[in-house]
Amino acid sequence: MIEFDEQLQRMVLKLVYYGPALSGKTTNLLALHDRLSVAGRGDLMMLDTTEDRTIYFDLLPFFYCAPSGMKIKLKVYTVPGQVRHDATRKAVLQRADGVVFVADSLAAGMSVNFESFDNLEKNLSMVGLAIEQLPLVVQFNKRDLPDVVPEDEIRAAWGPTGLPVLMASALKGWGVLETFREIVALTFDTVNARYGLTARYGVEKENFLSEILKVAA
Amino acid sequence: MNMDTPQLSFIVGEERRLSAIISRAEIEPLLRSLVKAGPVWAAVVDEDDLPLARQGVDAPLQGYRQIRHDLIVEAEARGALVMAFDPQLCPGADSLALLVRDALQLTVTNNLKRMLTTEMHTTVVQESYDQLMETNRQLLESEGRYRELALELERKVEERTVELQKVYSRMLQQEKLAAVGSLAAGMAHEINNPNGFVRSNLETFGRYFQKMMDMVQYYQLLIASNTPLPRLQQDTEKKRRELKLDFVIADTRDLLEQSITGSDRITRIVADLKSFSHVDESGISDTDLNAELERTLSVLAPQIAADTVIVRNLQPLPLVGCNPGLMSQAFFNIIQNALLSRETGLELQVASRIEGDEIVIEINDNGCGIPADNLSRLFEPFFTTREVGSGTGMGLTVAREIIGSAGGAIEIVSAGQSGTTATIRLPLAAGKR
């Protein structure tokens with residue numbers, strides 16, 4: 001959590017899209033930006049890129065104000081996937097409330113997926129976050145491509161982790177909202193359990209979700 | 001930069017106030033232009049509605065129309081452009097306000113972007129720097145450790161070298177003692193044998209001497225009793241035959257000759273031993289290697305089976321500067337191995353010659369040979385195929401050390417069952433150690 005000011009009734013949460021290089025993290029945020037209503041969300045801020053590859057991060061902010069007056073800001077980040085940008089990944093990961101791991105569905109991407117996931121585990125522990133307690137969703141992206149690993153194989157490999165695994169094509173725009181809903185819902189539950197969002201601050205989960213995920217007309 | 005520099009640390013996503021993102025200096029020119037175009041008053045206020053900058057009259061604003069446009073920071077309104085104007089006097093104020101709001105919003109967004117980039121860049125640089133410093137520190141530390149280790153190692157090597165030298169000289173001594181031991185057994189026999197017959201001859205001579213004394217006393221007795229000459233001749237002749245004096249005298253001559261020969265043999269054996277061991281000498285002297293080979297063969301003679309054929313092919317060699325005692329020890333160890341290679345029918349060839357600037361000594365036998373597996377281990381200390389207690393396993397090790405320290409080399413070739421050849425090469429200009 002970035003910030004929680006009880007007096008001002010303000011909470012700032014952080015979600016991070018993690019994963020190997022070129023798995024489609026920025027594309028996920030672009031798709032969210034395109035599909036979600038401009039009300040309640042800010043513009044997608046893309047820091048410098050080289051040849052379409054993120055070198056710092058992208059940021060898509062959401063702002064929610066509950067009928068009770070409680071304000072929740074949700075900042076959604078991507079990290080650079082290339083191995084060399086590990087310091088940046090670590091910095092972005094600090095104080096994250098939820099992580100979407102965007103994996104590459106291509107057969108050639110399987111080993112880099114595992115490497116990147118190991119890197120996520122390592123960096124989470126380095127920034128003091130416990131992976132067991134952190135809301136975490138796995139998205140297998142690029143399902144629109146022909147040479148992807150079959151879904152049942154993916155489920156067989158990742159099922160034992162107990163993590164929610166979703167299929168998506170960020171480029172075509174499907175699976176993106178479902179992934180986002182999943183991580184927002186999980187994050188809400190976790191924060192709610194700890195801070196009593198509903199009980200103490202009158203924030204209803206369904207209202208929160210529908211406001212954040214309001215689809216553009 | 002030193003380690004005490006306070007670290008800049010940013011939390012990505014940290015909230016910041018509008019005043020931290022846009023400065024008064026950036027706002028004021030826009031407001032000034034805005035007010036010049038008609039509105040009486042314009043200001044930018046922050047999230048607590050406190051003005052960051054303002055332009056225009058300070059008069060009461062009643063009667064003027066006011067508009068407010070939010071400034072958005074990360075999806076949230078975090079301040080606003082507020083403006084008051086007279087719609088009659090300034091009909092285009094609405095669009096002017098939107099224009100200025102857009103300009104402010106762009107500045108805010110761009111500033112924020114720049115700040116985030118800078119912060120992230122600083123964080124990454126800082127972390128890389130910290131990592132480099134840490135790596136550097138670890139490297140320096142391990143370098144220090146290795147330097148210490150190297151020093152320690154050097155000291156230990158010196159210690160162990162001294163220890164090894166002591167052990168080596170003790171080992172050499174023991175090997176020498178072992179050789180002396182095996183020599184002693186043969187030598188004892190060689191000395192006891194002549195000594196035995198010299199003693200037995202002396203005993204026999206003692207009895208002969210008694211007989212001669214008897215003869216002398218008999219003469220004295222006859223002369224004392226004035227025995228007439230013919231009788232004296234007759235009686236003494238009889239006594240002489242009785243005592244078998246002719247035989248006794250002849251045999252005595254043989255006995256004495258034999259005893260002298262025996263005694264000479266003992267003298268020669270002792271001289272061989274003494275010269276073999278070089279007990280009187282120490283250090284390097286001009287040495288005739290052929291003579292050393294002969295001496296070695298000679299002291300080993302008691303261990304050489306009777307049917308052994310020894311072929312010598314010793315060509316004249318110049319004197320070589322070396323330690324003769326040690327060199328004969330080396331020959332002894334090698335030749336003794338050859339003697340043990342076969343029980344009967346041994347043919348031992350000992351050859352020496354000059355090849356280029358080297359002296360080559362070859363000792364060859366037609367014995368049992370050395371299995372290929374053992375060839376590489378021949379010079380290993382304590383490697384032996386002999387029964388426990390009968391070989392020290394040091395013979396060839398010592399031989400190689402001795403030859404090596406004289407600047408030479410030894411090579412042993414064995415063609416399985418058909419014998420073994422040891423080849424020793426020593427530089428002609430030896431003596432360099």
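Predicted model: local features only at pLDDT ≥ 70, side-chain atom pairs only at ≥ 80, totals over all residues.
Residues are numbered from 1 along each chain as its sequence is written, chains are lettered from A and ligands numbered from 1 in the order in which they are written, and side-chain values use heavy atoms, with hydrogens and water left out.

**Chain A overall**

Chain A has 7 helices and 10 strands, where helices (H or I, at least four residues) and strands (E, at least two) are DSSP runs numbered from the N terminus. A compact globule of 217 residues would have a radius of gyration near 17 Å, and the 17 Å of chain A agrees with this; the radius is taken over C-alpha atoms, and the globule rule is 2.2 Å times the number of residues to the power 0.38.

| Property of chain A | Value |
|---|---|
| Box filled by the C-alpha atoms, along the principal axes | roughly 50 × 40 × 35 Å |
| Accessible surface | about 9300 Å² |
| Part of that surface belonging to carbon and sulfur atoms | 52% |
| Buried residues among the 217 | 56% |

Accessible areas come from the Shrake-Rupley method with a 1.4 Å probe, and for residues only the protein chains shown count as cover. Buried means under 20% relative accessible area, exposed over 50%, and partly exposed in between. Among contacts (heavy atoms within 4.5 Å) between residues of chain A at least 6 apart in sequence, 69% join residues at least 24 apart.

Just after H2(A), Arg95(A) takes a positive phi of about 60°.

Helix H5(A), residues 176-195, contains Thr187(A), which counts as buried because its relative accessibility is 2%. Neighbours within four places in sequence aside, Thr187(A) is in contact with Leu15(A), Asp97(A), Gly98(A) and Pro135(A).

**A strand pair in chain B**

In a regular strand the side chains alternate between the two faces of the sheet. S10(B) pairs with strand S11(B), residues 420-427, in the antiparallel sense over 6 bridges, pairing being counted if DSSP finds at least two bridges between two strands. The bridge partner of Ser414(B) in S11(B) is Thr420(B).

Note on methods. Buried < 20%, exposed > 50% of the residue type's maximum accessible area, 1.4 Å probe, protein only.
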